[in-house]
Protein chains: 2
Amino acid sequence: MPTVSSEELAAAAGVNSAKLRKDFSYLGSYGTRGVGYDVEYLVYQISRELGLTQDWPIVMVGIGNLGAALANYGGFASRGFRVAALIDADPAMTGKSVAGMSVQHADDLEKIVDENGVSIGVIATPAGAAQQVCDRLVAAGVTSILNFAPTVLSVPDGVDVRKVDLSIELQILAFHEQRKAGEGAVDGAEGAGVGVEGPAAKVTRPTAGDDRKGPDGDVPAVMPA
Amino acid sequence: MPTVSSEELAAAAGVNSAKLRKDFSYLGSYGTRGVGYDVEYLVYQISRELGLTQDWPIVMVGIGNLGAALANYGGFASRGFRVAALIDADPAMTGKSVAGMSVQHADDLEKIVDENGVSIGVIATPAGAAQQVCDRLVAAGVTSILNFAPTVLSVPDGVDVRKVDLSIELQILAFHEQRKAGEGAVDGAEGAGVGVEGPAAKVTRPTAGDDRKGPDGDVPAVMPA
DNA sequence: CCATCTTTGTGCACGCGTTCACAAAGACAT
DNA sequence: ATGTCTTTGTGAACGCGTGCACAAAGATGG
Ligand SMILES: NC(=O)c1ccc[n+]([C@@H]2O[C@H](COP(=O)([O-])OP(=O)(O)OC[C@H]3O[C@@H](n4cnc5c(N)ncnc54)[C@H](O)[C@@H]3O)[C@@H](O)[C@H]2O)c1
Ligand SMILES: NC(=O)c1ccc[n+]([C@@H]2O[C@H](COP(=O)([O-])OP(=O)(O)OC[C@H]3O[C@@H](n4cnc5c(N)ncnc54)[C@H](O)[C@@H]3O)[C@@H](O)[C@H]2O)c1
């Protein structure tokens with residue numbers, strides 16, 4: 001019986017082993033003292049808790065540049081997500097084959113969602129259409145939305161929205177990049193011509209690097225998503 | 001002089017006003033008591049702190065389905081990112097025009113990075129090529145990488161990597177989706193035929209919803225990115 | 001110039017997640 | 001069966017971010 005110790009897993013994941021054990025204990029998973037965790041059983045338990053044992057049908061709305069790339073992406077299927085339908089409002093797109101599927105017209109959105117029992121939708125339409133598409137998805141029964149359009153979506157309680165904003169990803173990188181460049185230059189004005197400086201002497205700046213917890217740092221939670 | 005109070009901003013962002021004020025105080029930005037914050041000055045201060053006042057040249061490597069979609073995306077430029085070059089290893093791609101730019105060959109990667117003073121790179125190659133591309137980018141002087149390939153990249157200290165994994169985004173949605181479905185069914189086995197159950201009685205499960213801090217919830221930090 | 005009113009900046013306390021440290025549990029050898 | 005050795009599961013302490021509450025600051029009006 002192949003096993004792993006919490007120590008090994010923690011090292012691989014880059015986290016504290018005690019934390020990992022405590023987290024596992026919340027899941028009810030348990031190992032064998034002196035031995036470790038049965039790999040197969042552990043994987044099953046975690047998969048089940050994360051909802052990976054069941055198949056989730058998803059619909060994708062907006063089959064343009066990004067939507068088509070997503071539709072062609074094989075990584076979804078391997079994690080238990082099945083693209084049930086591709087939907088676009090452009091009549092020119094309707095009927096076209098993308099990633100081996102026929103693109104369906106947005107008029108049938110409600111029917112498609114209902115017939116396939118879809119609860120997760122992906123929005124890759126232009127920003128202007130996103131809220132409207134979102135409303136229709138929600139009305140049709142979708143309760144989780146992955147949004148690629150650069151808009152904040154309003155949804156009723158009980159509906160989850162995750163927004164993928166690539167610009168913000170880059171901004172986070174740029175933020176840390178700037179910090180690297182400015183390191184050591186305590187009161188020096190990095191960059192060119194920063195005119196209005198204000199009373200910078202009042203600044204109580206935490207030591208650089210303090211804001212990072214794990215392997216991937218995040219910015220403070222002030223800025224709205 | 002147009003101003004905003006911390007109260008207004010906090011309401012708009014959905015956070016506590018005290019937290020917002022404290023965060024602002026870290027930036028050295030300061031408002032006027034009894035009045036609020038000068039909007040223009042505040043925007044400038046935050047932009048500067050976040051690195052938005054300078055332009056960041058970026059290179060994009062792997063101009064396939066996803067890379068091309070990204071290249072066509074106008075959202076980067078509006079946030080101060082300039083796509084300095086598109087790079088692909090496929091000779092058939094070289095010289096082709098994508099989003100108004102000529103795709104350059106991967107052989108010239110180092111030269112391109114150097115000449116443009118690029119410190120941020122985007123990887124949209126197949127998983128197999130990602131580490132190799134990453135190594136070359138880093139060797140050429142890139143210190144921040146946005147990775148779309150489903151691989152964990154190894155980088156030396158001082159180099160930041162952010163991974164965009166769309167499957168994980170969907171998994172997070174599915175996770176919450178499952179919780180919604182299982183609510184109220186305290187000890188009922190939702191779904192079909194969950195055979196091996198184990199000593200579920202030992203489970204000390206926190207109340208559903210406890211794991212959420214802000215508007216967008218996240219999974220516990222156990223799972224590696 | 002003084003009183004009042006609004007809003008900032010922050011000390012302090014609370015709560016939660018993380019980490020330490022260790023007793024208990026079980027495997028395995030003798 | 002008993003002892004040893006490894007690794008789990010968890011109580012308790014620690015540290016940090018969040019939120020409360022209020023004094024200080026400054027604007028504004030009389
Ligand atoms: N391309 C990228 O890399 C990228 C990156 C980040 C975000 N985004 C965002 O993703 C969205 C899509 O980007 P894109 O480059 O694929 O744009 P696109 O214009 O190529 O595609 C948009 C598609 O949505 C369809 N559409 C429009 N209105 C619709 C509606 N009401 N219902 C259904 N379909 C509708 C259009 O017919 C079109 O096919 C945009 O909001 C964009 O800002 C794109
Ligand atoms: N398409 C999606 O929606 C999506 C979503 C998530 C992740 N991804 C990942 O993003 C990556 C790209 O996806 P895609 O659909 O665009 O694939 P793709 O095959 O269409 O494009 C890959 C491109 O990379 C180029 N390439 C290969 N090796 C290279 C190298 N060593 N140097 C430079 N260029 C090289 C290829 O010539 C090709 O043009 C994949 O790793 C994929 O798993 C894609």
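## Ligand 2

In this predicted model, an oxygen atom of ligand 2 is placed 3.0 Å from a polar backbone atom of B:Asn65. Two further backbone contacts involve oxygen atoms of ligand 2: a backbone N or O atom of B:Leu66 lies at 2.7 Å, and a polar backbone atom of B:Thr125 is likewise found at 2.7 Å. On its own, ligand 2 has 820 Å² of accessible area, of which the protein covers 81%. Elements that contribute two or more residues to the shell around ligand 2 are H4 of chain A, together with H4 and helix H6 (127-140) of chain B. H6(B) provides the largest share, namely three residues.

There are 22 residues around ligand 2, and those that come nearest are A:Ala69, B:Asn65, B:Leu66, B:Asp88 and B:Thr125. Because residues from chains A and B surround ligand 2, the site is shared between chains. By class, the shell consists of 16 nonpolar, four polar and two charged residues.

## Ligand 1

Ligand 1 is located between chains A and B. Around ligand 1 there are 22 residues, of which A:Asn65, A:Leu66, A:Asp88, A:Thr125 and B:Ala69 come nearest. The shell around ligand 1 comprises 16 nonpolar, four polar and two charged residues.

Polar backbone atoms from both chains approach ligand 1. In chain A, a polar backbone atom of A:Thr125 is 2.6 Å from an oxygen atom of the ligand, while one of A:Ala89 is 3.1 Å from a nitrogen atom of ligand 1. In chain B, a polar backbone atom of B:Leu70 is 3.3 Å from an oxygen atom of ligand 1. The protein covers 81% of the 820 Å² of accessible area that ligand 1 has on its own. Two or more residues of the shell come from each of helix H4 (65-72) and helix H6 (127-140) of chain A, and from helix H4 (65-72) of chain B. The largest share, three residues, belongs to H6(A).

## DNA strand C

The protein places 21 residues around DNA strand C, and B:Ser6, B:Arg21, B:Tyr30, B:Gly34 and B:Tyr37 come nearest. Of the atoms of DNA strand C that come within 4 Å of the protein, 63% belong to sugar and phosphate.

In chain A, a side-chain N or O atom of A:Asn16 is 3.0 Å from a phosphate oxygen of DNA strand C. H2(A) supplies the largest share, with four residues.

Helix H7 (residues 166-182) of chain A meets helix H3 (residues 39-50) of chain B, their axes coming within 8 Å and crossing at roughly 80°. H7(A) is therefore roughly perpendicular to H3(B).

On the H7(A) side, the contact is formed by A:Gln171, A:Phe175, A:Gln178 and A:Arg179. H3(B) contributes B:Arg48, B:Glu49 and B:Leu50. By class, the residues of this contact divide into two nonpolar, two polar and three charged.

Terms used:
Residues are numbered from 1 along each chain as its sequence is written. Chains are lettered from A and ligands numbered from 1 in the order in which they are written. This is a predicted model: local features need pLDDT of at least 70, side-chain atom pairs count only at pLDDT 80 or more; totals for chains, interfaces and linings use all residues. Side-chain values use heavy atoms; hydrogens and water are left out. A residue is near a molecule or strand if one of its heavy atoms lies within 4 Å of it. A polar contact is a pair of N or O atoms within 3.5 Å; within protein, one must be able to donate a hydrogen and the other to accept it, and residues adjacent in sequence count only if both atoms are side-chain atoms. Accessible areas come from the Shrake-Rupley method with a 1.4 Å probe; for residues, only the protein chains shown count as cover. Ala, Val, Leu, Ile, Met, Phe, Trp, Tyr, Cys and Pro count as nonpolar, Asp, Glu, Lys and Arg as charged, and the others, Gly among them, as polar. Axes are lines fitted to C-alpha atoms, for helices over the stretch in contact, and angles run from 0 to 180 degrees between N-to-C directions. Angles under 35 degrees count as roughly parallel, over 145 as roughly antiparallel, 65 to 115 as roughly perpendicular and the rest as oblique. Contact means heavy atoms within 4.5 Å.
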